[in-house]
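Please open the model in a viewer and keep the sequence panel at hand. The stops below are given in the order of selection.

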Amino acid sequence: MPYRDLREYLKALEERNYLLRVKKPIDTNLEVGKVLRKLYSQEGPAVIFENPIGSDVPLVGALYSTRSKALLAFESDEEHILDKVLAGMKRPISPVIKEKGECQENVIMENIDLSRFPIPFYTPKDGGKYLTAAITVSKDPETGVPDIGIYRWQVIGPDKLSFLAQPFHRFGKNLAKAKKLGLPFEAALVIGTDPVLGYTTQFKVPDTTNDWILAGGLRGEPVELVKCKTVDLEVPATAEVVLELKINYEEEFMEGPFGEYTGYYTPASLKPTARVTAITHRDNPLFLGLLTGKPVNEVHILKQIPFEASLYDFLKPQFPSVKKVAIPPCGGVSFYVVISIQQRYAGEARQVLMSVLSHTIRPKWVVVVDDDINVHDLNDVNWALSFHVRPKEDIFIIDNVPAGPLDPVVKETAQLTKRVLSAVGIDATRPFGEAFPDLVEVPGWEDYNLDQLINS
């Protein structure tokens, strides 16, 4: 059975000693960032700050910070996770609309004040307090197809926010389309849900995809939704907090700087604003925070399994020889891809490389290895790079491809749509059909029981 809400998932984490409860007062101004960064560096547990200074709402962090937590969220293990996720993608389940939901046990439509919530100021050069783990819900203004994604939202007033909407993300596309058509645009920020919904936001799927249906397939059960109070959107019934928003195209704010997933700050620039028209929340709600920055942190783990599954699903019909896909967190997830294949013919590795380089995740580095290489072990991958690559023959560069989002080496331009860069493909497979030295093997080492030495 999937987790019904954030609370059930936290209980599962606590049962496995993956949850730390902090009772001492914690300052949301920079101290939360320090604690989360320390936890990330140690691959530590999730945390509940039970007494954030200035708020009576507990703050949850490090929810997505390790792959073990991701596997628990999907109720799977490393051996079966890819098959389970792909099966869920192929069996979509429509959501169920309910009359009432826990997320609306409390409704605030007057005297709205975001300061009651523990919204952190994460790093010293951030432009202000940021919502970083809220799931943004919007709809295509023409088709009505709902989209969910995670974007950054800066608090700029008691009931006002500014935000970054990349033009190639669905939220940005929906916003641009509504503005072009002269239509109003609405959104909802959903904070604290069943963890699979967080991972659902990261799947690379067509713009026509109803994300609630995708989430149902990944959960194995329909997502229960309720209608918002002031905007024409539906949100998860068991969410902890929901902020209902109306976007203002005309009023802009100098949003940023912000420490992004690349590990570098992005500069401030003029962005649209949004007004909070309603806050709804559960009784005794929990809030959610997420620190971005230099890998590895939560946002990298959050993206990893969805990106790997989406890319595998993209490649497998063209190349049955593809065995594994890894998108290492150290590459900010999308910038570095490793694929293992069982080569069928000369040149197939290069075909796979070119297909990956064409994918919308916009990788900068793509490496293809033989299927005896563990793509999740960078030592194994680097060994293949060291001893299987003939640089002149096996490395190529493609110029003028769309740059990955927020890459700091790309020269800033006035238009995000004009950012281009080079990308590198590396064939680290053994030369197909050619004699190669025998691999040094130690048969039986994996099953050898060291306990017999300790206990002898």
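Which residue in β3 does I48 stand opposite? Select I48 and V60: these two face each other. This is a predicted model, in which local features need pLDDT of at least 70, side-chain atom pairs count only at pLDDT 80 or more, and totals for chains, interfaces and linings use all residues. Residues are numbered from 1 along each chain as its sequence is written, and side-chain values use heavy atoms, with hydrogens and water left out.

Next, display β2 (residues 46-49) and β3 (residues 59-61), which run antiparallel and are joined by 3 bridges. Strands are DSSP runs of E with at least two residues, helices runs of H or I with at least four, numbered from the N terminus; two strands pair if DSSP finds at least two bridges between them.

Then select F117 and F287. Their ring centres are 5.1 Å apart and their planes at 20°, so the pair is stacked (centres within 6.5 Å, planes under 30 degrees apart). F117 belongs to the loop between β5 (106-108) and β6 (130-131), F287 to strand β18, 170 residues apart. F117 is buried (under 20% relative accessible area) at 3%; F287 is also buried, at 1%.

Finally, select K303 and Y261: the charged end of K303 sits over the ring of Y261, 5.9 Å from its centre (the criterion is NZ of Lys or CZ of Arg within 6 Å of the ring centre and within 35 degrees of the ring normal).

Terms used:
Phe/Tyr/Trp six-rings, centres within 6.5 Å; stacked < 30°, edge-to-face > 60°. Buried < 20%, exposed > 50% of the residue type's maximum accessible area, 1.4 Å probe, protein only.
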